[in-house]
Amino acid sequence: MKYDIRNIKFAKEGKKRIEWAERDMPVLNLIKERFKKEKPLRGKRVSACLHVTAETANLVRTMKEGGAEVLLCASNPLSTQDDVAASLAKDYGINVFAIHGEDKKSYYNHLKAALDFKPNVTMDDGADLLHLLHTEYKEVAKNIIGSMEETTTGVIRLKALENEGRLNVPIIAVNDAKTKNMFDNRYGTGQSTLDGIIRATDMLIAGKNIVVVGYGWCGRGFATRARGMGAKVIVTEVDHIKALEAAMDGFSVMPMREAAKIGDLFCTLTGDIHVIRKEHFRKMRDGAVVCNSGHFDVEIDIKGLKKIAKSVRKNVRNNVDEYMIGGKKSPQPPFNKGGKRVYVLAEGRLINLAAAEGHPASVMDMSFSTQSLATEYVVKNYKKLKNKVYDVPENIENWIAKLKLKSMNINIDKLTPEQRRYLKSWELGT
Ligand code: NAI
């Protein structure tokens, strides 16, 4: 077993966290129990490149109980929980390569370790591992029977490879499963993004003008939660249907050039690049706060902001950098007389992971149950799979939703035989 982590002595705290998360992951626990008995992944090597958190720890434990040898590396340098990494190495026999705050070189060395492990199955959150598999590590692809992708940005990248005819392994788009994106992207990101913003800034949400950039799964979740806490929410979009939906849901919708003038807080959730740029920063109010909860740290053009800023004060509070725009430098606060301050949270990286703890375990229960069953599906069906991006099979989704409802003590109705016939017929009705 190999590992490269901050400190193995942190294991005790990490184990407590992993066990706490486990309590709130009832569907994954059921899968874990079955995997323990049936060992459906026996003999397989799994490399997972995911956020190294207590919830992910329970996913990789499930893989191991299923008979796989597992390696875990980080999909984001800022989201690693060092104590969890330590406990996985010490208490659960998982190979772990992840250190909170690691630099780019160490981050990529850890991704390379995951491919040197010669996996048969990979899991990605943003497709960084798969990117290496299509560039420096092409020869490793021949061992791989399937790869899971956890997030929207990763699916976009992999579909682009598929469209160019260059995809070299079969992909299961776990992100696109309803049991994933409805819970994780909408409810998980909605709540944990607000949590991250509040922990980073201690700001009162009520009464604030909050600009939500992108009204997809994540944006809808965040906008709804922010409104629930009393914010006046403004949505910016580039898609007419999503913009219409936001307007019908009762939010103000306008272009960023207008929203930039009135927002107190801006949060990007698009999976796109430079959705807040120099021309927008120039229009912002003094004290505006800007953050991102989309996958990569490219949504906010921080290089552009640096270019127009007179000065930057890093870490004025943990996870908060202050950029001064315009005005004259002065030795006293606000340090740039006549100018204005713009605050960037977590250097534009995922705010819910950098400043809070990511999604609650109950949300990750759905995503990671989907990951586990999709992996089992790949192991059983790889001979039939082509180098394409596949959806998660519908029966897996239904099974997970049913068990989640059961764990919440919620029962639902069943179709009567008459209803079944009616819904399948074309003769009845007029
Ligand atoms: P989505 O595809 O459902 O929504 C993205 C929306 O952004 C779309 O409606 C699109 O029209 C809009 N958009 C694109 N460019 C824009 C622009 N220039 N201005 C305004 N709107 C724009 O995607 P989803 O699932 O909501 O994911 C968004 C991002 O969040 C992705 O990068 C995804 O990987 C990431 N993500 C982050 C999570 C977290 O924990 N923070 C969890 C899950 C996903």
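In sorting lining residues by class, Ala, Val, Leu, Ile, Met, Phe, Trp, Tyr, Cys and Pro count as nonpolar, Asp, Glu, Lys and Arg count as charged, and the others, Gly among them, count as polar. The structure shown is a predicted model.

**Exercise 1. Determine how the lining of the second largest pocket divides by class, and which elements contribute to this lining.**

Step 1. The second largest pocket holds about 880 Å³ of space, and its lining is made up of 33 residues, with Lys 104, Phe 296, Asp 297, Val 298 and Arg 349 lying nearest the centre.

Step 2. Two or more residues of this lining come from each of helix 5 (104-116), helix 6 (128-133), helix 13 (302-308) and strand 14 (320-325).

Step 3. Sorted by class, the lining of the second largest pocket gives 11 nonpolar, 9 polar and 13 charged residues.

**Exercise 2. Describe the largest pocket by its volume, its lining and the helix that supplies the largest share of that lining.**

Step 1. The volume of the largest pocket is about 1000 Å³, and 50 residues line it, of which Cys 218, Leu 269, Thr 270, Gly 271 and Gly 294 lie nearest its centre.

Step 2. Among the elements that each supply at least two lining residues are helix 3 (54-65), helix 7 (152-163) and helix 9 (217-228), while the largest share, 5 residues, is that of helix 8.

Step 3. The class count for the lining of the largest pocket is 15 nonpolar, 22 polar and 13 charged residues.

**Exercise 3. Identify the residues of the largest nonpolar core that touch the most other members, and list what Met 148 touches.**

Step 1. In soluble globular proteins, nonpolar side chains tend to be buried together.

Step 2. The largest nonpolar core has 54 residues, of which Leu 72, Leu 88, Ile 94, Val 96, Met 123, Met 148 and Ile 172 touch the most other members, and helix 15 gives the most to this core, with 9 residues.

Step 3. When residues up to four places away in sequence are not counted, Met 148 touches Val 121, Thr 122, Met 123, Asp 124, Ile 172, Val 174, Gln 371, Ala 374, Thr 375 and Val 378.

Step 4. Another core, of 29 residues, lies apart from the largest one, and its members include Val 212, Phe 251, Ile 351 and Ala 354.

**Exercise 4. Locate the salt bridge between Arg 34 and Glu 376, and decide whether each of the two residues is buried or partly exposed.**

Step 1. The count of salt bridges comes to 27; in one of them the side chains of Arg 34 and Glu 376 meet at 2.9 Å, N to O.

Step 2. This pair links distant parts of the chain, since Arg 34 belongs to helix 2 (residues 26-38) and Glu 376 to helix 15, 342 residues apart.

Step 3. Buried means under 20% relative accessible area, so Glu 376, at 7%, is buried, whereas Arg 34, at 24%, counts as partly exposed.

Step 4. Arg 34 and Glu 376 also belong to a network of salt bridges that links them with Glu 38 and Lys 380.

**Exercise 5. Examine the salt bridge between Glu 322 and Arg 313 in the way used for the previous pair.**

Step 1. The side chains of Glu 322 and Arg 313 meet at 2.8 Å, N to O.

Step 2. Glu 322 counts as buried because its relative accessibility is 4%, whereas Arg 313 is partly exposed, with a relative accessible area of 34%.

Key:
Residues are numbered from 1 along each chain as its sequence is written. This is a predicted model: local features need pLDDT of at least 70, side-chain atom pairs count only at pLDDT 80 or more; totals for chains, interfaces and linings use all residues. Side-chain values use heavy atoms; hydrogens and water are left out. On a 1 Å grid over the protein atoms alone, a cavity is a set of points where a 1.4 Å probe fits but cannot get out, and a pocket is an open set with protein on both sides within 12 Å along at least five of seven lines; lining residues have an atom within 4 Å of a point. Grid points are joined across faces, edges and corners, and a volume is the space filled by probe spheres set on the points. Helices (H or I, at least four residues) and strands (E, at least two) are DSSP runs, numbered from the N terminus. A nonpolar core is a set of buried Ala, Val, Leu, Ile, Met, Phe, Trp, Tyr and Cys residues joined through side-chain atoms within 4.5 Å. Buried means under 20% relative accessible area, exposed over 50%, partly exposed in between (1.4 Å probe, protein chains only). Contact means heavy atoms within 4.5 Å. A salt bridge is a side-chain nitrogen of Lys or Arg within 4 Å of a carboxyl oxygen of Asp or Glu.
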